[in-house]
Amino acid sequence: MYPVRRCAPLLQRDLAAFCLSSLCSQPKSSGRVKRTPSPAPHRGHAGSVPPLTGQPQPRASSSSSAAQKAVPAYPMGSSSSSRLFSTLAQSLSSAPLAHAHVDPEECEFEQADPEALLRECEEVLRNRPPRPHRDFFRTRGSIPHNPQIRVMQWNILAQALGEGKDGFVRCPMDALNWAERKYLILEEILTYRPDILCLQEVDHYYDTFQPVLSRLGYQSTFCPKPCSPCLDVRDNNGPDGCALFFSRQRFQLLCTDHLRLSAMMLKTNQVAIVATLLDRVMGRTFCVAVTHLKARSGWEAFRSAQGSHLLQQLRTISSQQGVQPEGVPMVVCGDFNAEPCEEVYRRFLASPLGLDSAYRRLSTDGNTEPPYTSWKIRPSGESCATLDYIWYSRGGFSVDAVLSMPSEEQIGPDRLPSYHYPSDHLSLVCDLSFIQEPHRLM
């Protein structure tokens, strides 16, 4: 019998104590505010980072040379440890989480070497086929000399859902083994090294992604679903939700908003994170948001209402931060569970925020989304759809480069997830740069 779902007040009451384990030992009173202004910058997270359980079957190197050449010039943290993985391996543990009230931002951490961790991921995965090779395509009118911001959007597939609910009939259960799958996820992130990383279906934030990525130079925040379906799965790791990571060296956090989306006057189970960041290089302020809208066919009107509520909140937050009437520039990433023909997509495209979809720049006409961002086979049949997007303010940013989508042949006949790709959704990656403001040209 599956454990009883723990929701709403109970989940919100116990979540901080349940999740913030083994990061450091300094106690602090718990409690979460909806809007959090950032304190003065300091060295972020710390403590031991969790031990990789099991003995993953180690494969041949799979990192893309094109992706490595295209990594941003701005480093994701300094290289200070030649024993990176031996340190991280001891901290990627699936041990039960202790109840402790801590603030990871007050802890010290040791910087890790991303190249060393990438090599270790490749070593652990050496018996698996390599991930699909993908190239960056530079867009027309890009300005390569401008400092670029690399953004990655990815629904990484919650471990509990992949093993216990989603029913990927052509994916062997062994391919979903967390002991190896987490390395495959980290390998994808480390290959492209985004400055901003937006993830959905994260159910291993506190024991894997937050501690590991913290040591790679990322600051982050996590917003769980109020009533996550992961809690219905036996031996789950807690609720899934949205997570936002950004380079603490490149950006200063000004404030954070955790939103519970509404639809038709009702609070829903979907959430969003909105962070206002200051780009230390360009001296520009902007907002970045991550969300995951309601899934399944038949819920199109519900998704549209959620999108409308999110746009309303984004406009309010942006206008509060900006001196311009239209507010500060915006980047919105998410698994919208909606194809371009749906109303929620049209709402975003016609929004007063002046948003455009970065992946339309990958098409020859500049107006067409890729044919798919997710491709899976379930008991109900095969599903190939475009559901994921990186939206950006067309008046604030230019799209300089976009990562291509793998071909059908690269994905394979059994579709996703698989031994060579850890999720049923493909990652989206693009390089953005600020459009120079007229007063800055004088």
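Strand 16 (residues 428-434) is largely enclosed by the rest of the structure, because 7 of its 7 residues are buried; buried denotes under 20% relative accessible area, exposed over 50%, and partly exposed in between (1.4 Å probe, protein chains only). Helices (H or I, at least four residues) and strands (E, at least two) are DSSP runs numbered from the N terminus. The model is predicted: local features need pLDDT of at least 70, side-chain atom pairs count only at pLDDT 80 or more, and totals for chains, interfaces and linings use all residues. Residues are numbered from 1 along each chain as its sequence is written, and side-chain values use heavy atoms, with hydrogens and water left out.

From strand 16, Leu-428, Cys-430, Leu-432 and Phe-434 point one way, whereas Val-429, Asp-431 and Ser-433 point the other way, and all are buried.

Two strands count as paired if DSSP finds at least two bridges between them.

| Strands | Sense | Bridges |
|---|---|---|
| Strand 3 (residues 149-155) and strand 16 | antiparallel | 5 bridges |
| Strand 15 (residues 397-403) and strand 16 | antiparallel | 5 bridges |
| Strand 5 and strand 6 (residues 241-247) | antiparallel | 7 bridges |

Val-151 stands opposite Cys-430 in strand 16, and the partner of Val-399 in strand 16 is Leu-432. In strand 6, Ser-247 is the bridge partner of Tyr-218.

Contact here means heavy atoms within 4.5 Å.

In helix 4 (residues 114-124), the buried residues are Pro-114, Ala-116, Leu-117, Leu-118, Cys-121, Glu-122 and Val-124. Asp-113 caps the N-terminal end of helix 4, with a side-chain oxygen 3.1 Å from the backbone nitrogen of Glu-115.

**Nonpolar cores**

A nonpolar core is a set of buried Ala, Val, Leu, Ile, Met, Phe, Trp, Tyr and Cys residues joined through side-chain atoms within 4.5 Å. The largest has 71 residues, of which Val-151, Ile-196, Phe-209, Phe-245, Leu-277, Phe-286 and Val-288 touch the most other members. Apart from it lies another core of 23 residues, including Ala-289, Met-330, Tyr-345 and Tyr-389. Leaving aside residues up to four places away in sequence, Val-288 touches Ile-196, Cys-198, Leu-244, Ile-273, Val-274, Ala-275, Leu-277 and Val-331.

**Cysteines**

A search of the whole structure finds 0 disulfides, a disulfide being a pair of cysteine sulfur atoms within 2.5 Å. The sulfur of Cys-223 lies 6.9 Å from the closest cysteine sulfur, that of Cys-242, which is too far for a bond. Cys-223 is buried, with a relative accessible area of 4%, and Cys-242 is buried as well, with a relative accessible area of 2%.

Terms used
A polar contact is a pair of N or O atoms within 3.5 Å; within protein, one must be able to donate a hydrogen and the other to accept it, and residues adjacent in sequence count only if both atoms are side-chain atoms.
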